[in-house]
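Hi,

Here is the structure I said I would pass on. Have a look first, and then read my notes below.

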Amino acid sequence: MRKVTNQSQSQRGGKTVFWDFHGTLADDPGGWPGALIEVLDRYIPGHGVDREEVRPFLRSGFPWHRPERPHPELSRPDAWWENLEPLFAKAYEGVGIQPARSRELARQVRTMYVRPERQELFDHAIETLESLRSDGWRQVILSNHVPELPEIVDGVGLSGFFDAVITSAATGYEKPNRRAFEIALEAAGNPEVAWMVGDNPEADVLGAERVGIPAILVRKEDPRCQRVAPDLRAVLEIVREAGIET
């Protein structure tokens, strides 16, 4: 586990678990393609376009597709979303919608995407968060996500478990960029002991471990990841067992 050796005991920030959000604590089954289709459902009923037709146009162009490039200039919510509107408009054009109409529709994706009801909590999310809190862990969300992530977390009933919700859209740094983790550590008070939990081997696990934070890969397997949990209950077991060992 991460140990801070250059601070006095009074300065240390205790122990913290950093959580990814999407794919780790909650799932959005429709994802970005679903949000674009939901906009079409509202404004062009009977459009005949499905998610798989839209998906290829969204495989690049988001800030997290280039995590090596900071984007502090997009840290205002409006600026972040306006940067993505050309991407959404191109997707709509790609499925046959006229350019002017595509630009209009692209401006509506934000409203559709940020609705908390699109999220589905994974099994054992609440009980795991409750257990870690009872064990004395502070908890922080660190996610490559939209500016409205704090409101989404609140909307799904999880905000009470977290001391902070950090979204890359607000900081300008995407995991696995080293600075993303440094910002999280600073926000958590530079904890003496820290873990990272996420579903992305590169962004969550390897990125955290490069800055000295042990990490747990959840619901996936990757030979590069030392600690793997099939579900959130197993995350709790790993953290507790590590505490006993130390």
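Where is the place of His 124? His 124 sits in the loop between strand 3 (120-121) and helix 6 (125-134); helices (H or I, at least four residues) and strands (E, at least two) are DSSP runs, numbered from the N terminus. Before I go on, note that this is a predicted model, where local features need pLDDT of at least 70, side-chain atom pairs count only at pLDDT 80 or more, and totals for chains, interfaces and linings use all residues. Residues are numbered from 1 along each chain as its sequence is written, and side-chain values use heavy atoms, with hydrogens and water left out.

Back to the backbone. Most residues other than glycine have a negative phi, and most peptide bonds are trans. His 124 is not a glycine, yet its phi is positive, about 70°. With a relative accessible area of 23%, His 124 is partly exposed (buried is under 20%, exposed over 50%, partly exposed in between, with a 1.4 Å probe and protein chains only). Asn 190 also has a positive phi, near 50°, and lies in the loop between helix 9 and strand 6 (193-198). Its relative accessible area is 27%, so Asn 190 counts as partly exposed. Then there is the peptide bond from Lys 175 to Pro 176, which is cis with omega near 10°. You will find Pro 176 in the loop between helix 8 and helix 9 (178-187).

Now the whole chain. The protein chain has 11 helices and 8 strands. Its radius of gyration, taken over C-alpha atoms, is 19 Å, close to the 18 Å that the globule rule (2.2 Å times the number of residues to the power 0.38) gives for 246 residues, so the chain is as compact as a globular protein of that length. Of those 246 residues, 50% count as buried.

The structure holds 1 cavity of 30 Å³ or more. On a 1 Å grid over the protein atoms alone, a cavity is a set of points where a 1.4 Å probe fits but cannot get out, while a pocket is an open set with protein on both sides within 12 Å along at least five of seven lines; lining residues have an atom within 4 Å of a point. The largest cavity has about 30 Å³ of space, a volume being the space filled by probe spheres set on the points, which are joined across faces, edges and corners. Its lining includes Ser 143, Thr 167 and Lys 175. Strand 4 (138-143), strand 5 and helix 8 (168-171) each supply at least two residues of that lining.

Thr 167 deserves a look of its own. It belongs to strand 5 (residues 164-167) and is buried, at 3% relative accessibility. The side chain of Thr 167 reaches the backbone oxygen of His 145 at 2.9 Å, and that of Val 146 at 2.9 Å. Beyond its neighbours within four places in sequence, Thr 167 is in contact (heavy atoms within 4.5 Å) with residues including Ser 143, Pro 147 and Leu 149.

The largest pocket has a volume of about 620 Å³. Of its 24 lining residues, the closest to the centre are His 22, Trp 32, Trp 64, Asn 144 and Asn 200. Helix 1 (31-43) and helix 10 (201-210) are the elements that give two or more residues to this lining, and helix 1 gives the most, with 3 residues. The second largest pocket holds about 200 Å³, and Arg 66, Arg 69 and Glu 73 are among the residues that line it.

Cheers

Definitions and conventions: A polar contact is a pair of N or O atoms within 3.5 Å; within protein, one must be able to donate a hydrogen and the other to accept it, and residues adjacent in sequence count only if both atoms are side-chain atoms.
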